[in-house]
Amino acid sequence: IKSDDPQTQRLIDPLSHRITDISHRITMFKVQSIALTAALFGLHHARTAAAVGCYPRYGSGITTYGNGDMVSSSISETTPIVRGASCTSGTNCVGGYVTTGGVKTTKTYNFKCVSNDWCPNSGYAPGTLYEGQAWTKREECSGTAAVPAATIPTQWSEVGCPEQFSAGSDYDEDALVHVKKNAYNMVYRCNKEPANAWCSMAGYEPGTSQYWEQAWTE
């Protein structure tokens, strides 16, 4: 900025320097922001690229599942069909259009149980129409995942393992049974009379049904 008046120019010069300095700082801030964004983007992709292990497969000898249980399941997927330009012939010419997609693949995902009521029901298994009512679909996986130590309860301190729960069997108060989980067997005790009358009922199966705690204690 220039002025013919020397006094006015003396006032303008410091202002010009300040404007130049502010512009320089703004430019440096933009450069640093871009660099930071790029670094975070790269870090995110580096993390998501890491392989995730698979939990035990759904239904592999286990018929009882409860909230928080983790399983894996292989799901068939089909890529979306995309129609492009019109055509009259060619490998990808379908119905008069260049068509891509429609490729079937099978991928394995981890799933987390979110319903004691529906997870044991095969009609709500991962990959079925109603899976979302029982399971939450997690990340794609491969190999084997370690079971987090926090998910395994305190080990049974008595000798041997109680018999497996069987609906319809007669259970007295304080009777002990086990229910198979993903990586361990959970032990339950039939409650005192008169609640023990429900211990034999499938609708009160320990650890799974909606009202199991009225009949059993974990």
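Biologist: In which strand does asparagine 110 lie?

Modeller: This is a predicted model, in which local features need pLDDT of at least 70 and side-chain atom pairs count only at pLDDT 80 or more, while totals for chains, interfaces and linings use all residues. Residues are numbered from 1 along each chain as its sequence is written, and side-chain values use heavy atoms, with hydrogens and water left out. Strands are DSSP runs of E with at least two residues, helices are runs of H or I with at least four, and both are numbered from the N terminus. On that basis, asparagine 110 lies in β5 (residues 104-113).

Biologist: Is asparagine 110 buried or exposed?

Modeller: Buried means under 20% relative accessible area, exposed means over 50%, and partly exposed lies in between, using a 1.4 Å probe and protein chains only. Because its relative accessibility is 0%, asparagine 110 counts as buried.

Biologist: Which backbone oxygen does the side chain of asparagine 110 reach?

Modeller: A polar contact is a pair of N or O atoms within 3.5 Å; within protein, one must be able to donate a hydrogen and the other to accept it, and residues adjacent in sequence count only if both atoms are side-chain atoms. For the side chain of asparagine 110, the distance is 3.0 Å, and the backbone oxygen belongs to glycine 53.

Biologist: At what distance does the side chain of serine 72 reach the backbone oxygen of tyrosine 55?

Modeller: Serine 72 lies in strand β1 and is buried, with a relative accessible area of 1%. Leaving aside neighbours within four places in sequence, its contacts (heavy atoms within 4.5 Å) include Tyr55, Tyr58 and Asn110. Its side chain reaches the backbone oxygen of tyrosine 55 at 2.6 Å.

Biologist: How many residues apart are tyrosine 58 and tryptophan 135, which form an aromatic pair?

Modeller: Rings of Phe, Tyr and Trp (its six-membered ring) pair if their centres lie within 6.5 Å; planes under 30 degrees apart count as stacked, over 60 as edge-to-face and the rest as tilted. The structure holds 10 aromatic pairs, and that of tyrosine 58 with tryptophan 135 is edge-to-face, at 5.8 Å centre to centre and 90° between the planes. Tyrosine 58 is in the loop between α1 (6-48) and β1 (70-78), whereas tryptophan 135 is in strand β6 (residues 135-140); their separation in the chain is 77 residues.

Biologist: What is the angle between the planes of phenylalanine 165 and tyrosine 171?

Modeller: These two residues form a stacked aromatic pair, 5.9 Å centre to centre, with 20° between the planes. Both phenylalanine 165 and tyrosine 171 are buried. The angle asked for is 20°.
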